[in-house]
Amino acid sequence: MNNVVIAESQAASVEIRDLTVAFGSLNVIEKLNLRIDSGEFIVLLGPSGCGKSTLLNTIAGLQDAFRGDVIMNGCNVTGLEPKDRGIAMVFQSYALYPTMTVEKNLSFGLRVARMPKKEITRRVSRAAEILELTPLLKRKPSALSGGQRQRVAIGRALVREVDIFLFDEPLSNLDAQLRAELRVEIKRLHQRLGNTMIYVTHDQVEALTLADRIAVMKGGAIQQLAHPEVIYNQPANMFVAKFIGSPS
Ligand code: ADP
Ligand code: MG
C-alpha cells in the first residue's frame, strides 16, 4: 500500500514530453516539455497566436502531435481519442442547445453515452448544486444571462466527473464585471474539487489570480514556468516582464 501512496504523490497528472506540433511545414509547438502535478491549477498564458490552443487541443486529443508524447496519470495517451483521455473541456463559445432546458443541456453527453438514468440524475444534481444552477434547471438558455450560460457550459464538463479539466479562454466573451465574478467562481470550483485544471488565457489578471503556476508562452515555447508571484517579481526575460506588466 505504501508504494501506491508514494507513487501517487509523485505522479504528474499530465506530462508533455518533447512535443512538436506542426501545421504543414510550420512547427507551432516545438520540443515542449511540461509536467503538471495532480490537483494543480496551471495557466497557459501568452499573446494571441503563440500556440496555447494548439497545446491544449493536443493534450485533449483534438490535435495530433508530430512528435512527442502526452502522459496522463502515468499512461501514455498520445494515440487515444479525446473521449478516452479522462478529460473534459470548456471552450470560449458555450454552444448550448437552444431548444433544451439547462437540465437537458447538462445531461446530454451522459445520455448519448447511455449512462444509467439514476447516475445521470445524481451527476446533474451535483453539478447544478456546485454551480448554483439548481433553480435554473427547467429554463432554456435564452432565459439565462451570459454568466449563467457560461456556468452551464462549465457544468457540462463537470458532469463528466473526470480528473482533468481543460479551459480555453472560457471568459473571453464576457464583460469585465462577469469575468471578475466567474474568475472567483472557477477558483472556488477548483478549491472544492481539488482536481487538475489547465486553463488557457491571454489575460494577465486571470492568470495571476487563478494559477498555482503560470506557463508564459511565446512562439510555441514556454518562456517561464513558475508561481504567479515569481513570474511577476522575477520575470525570466524581457518578454515575460513586458507581457505580465512587471514593475521595472
Ligand atoms: P493561441 O491559442 O495562442 O492564440 P493557436 O494555438 O490557436 O494560438 O495558434 C498558434 C499558431 O498556429 C498560429 O500561428 C495559428 O495561425 C496557427 N494555427 C492554428 N491552427 C491552425 C490550423 N488548423 N492550420 C494552420 N495553422 C494553424
Ligand atoms: Mg487560442
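Reply:

V159 is found in the loop between α5 (146-158) and β7 (164-168), where helices (H or I, at least four residues) and strands (E, at least two) are DSSP runs numbered from the N terminus. The model is a predicted one, in which local features need pLDDT of at least 70 and side-chain atom pairs count only at pLDDT 80 or more, while totals for chains, interfaces and linings use all residues. Residues are numbered from 1 along each chain as its sequence is written, and chains are lettered from A and ligands numbered from 1 in the order in which they are written.

V159 counts as buried because it has 24 C-beta neighbours inside 10 Å; a residue is buried if 20 or more other C-beta atoms lie within 10 Å of its own, exposed if 12 or fewer, and partly exposed in between, with C-beta atoms placed from the backbone. Leaving out residues up to four places away in sequence, V159 touches L106, L110, R123, V124 and A127, a contact being a pair whose C-beta atoms, placed from the backbone, lie within 7 Å. From V159 to H227 the C-alpha to C-alpha distance is 30 Å, and the two are 68 residues apart in sequence.

Turning to the helix itself, the 13 residues of α5 should span 18 Å at 1.5 Å a residue, which agrees with the 18 Å between its end C-alpha atoms; the expected span is 1.5 Å times one less than the number of residues. The buried residues of α5 are Q150, R151, V152, A153, I154, G155, R156, A157 and L158, and what covers them includes β6 (87-90), α3 (102-112), α4 (117-130), β7 and α6 (176-193).

For the chain as a whole, the secondary structure comes to nine helices and 10 strands. Its radius of gyration is 18 Å, close to the 18 Å that the globule rule gives for 248 residues, so the protein chain is as compact as a globular protein of that length; the radius is taken over C-alpha atoms, and the rule is 2.2 Å times the number of residues to the power 0.38. Along its principal axes the C-alpha trace spans about 50 × 45 × 45 Å, and 38% of the 248 residues count as buried. Among contacts between residues at least 6 apart in sequence, 66% join residues at least 24 apart.

How values were computed: Contact = placed C-beta atoms within 7 Å.
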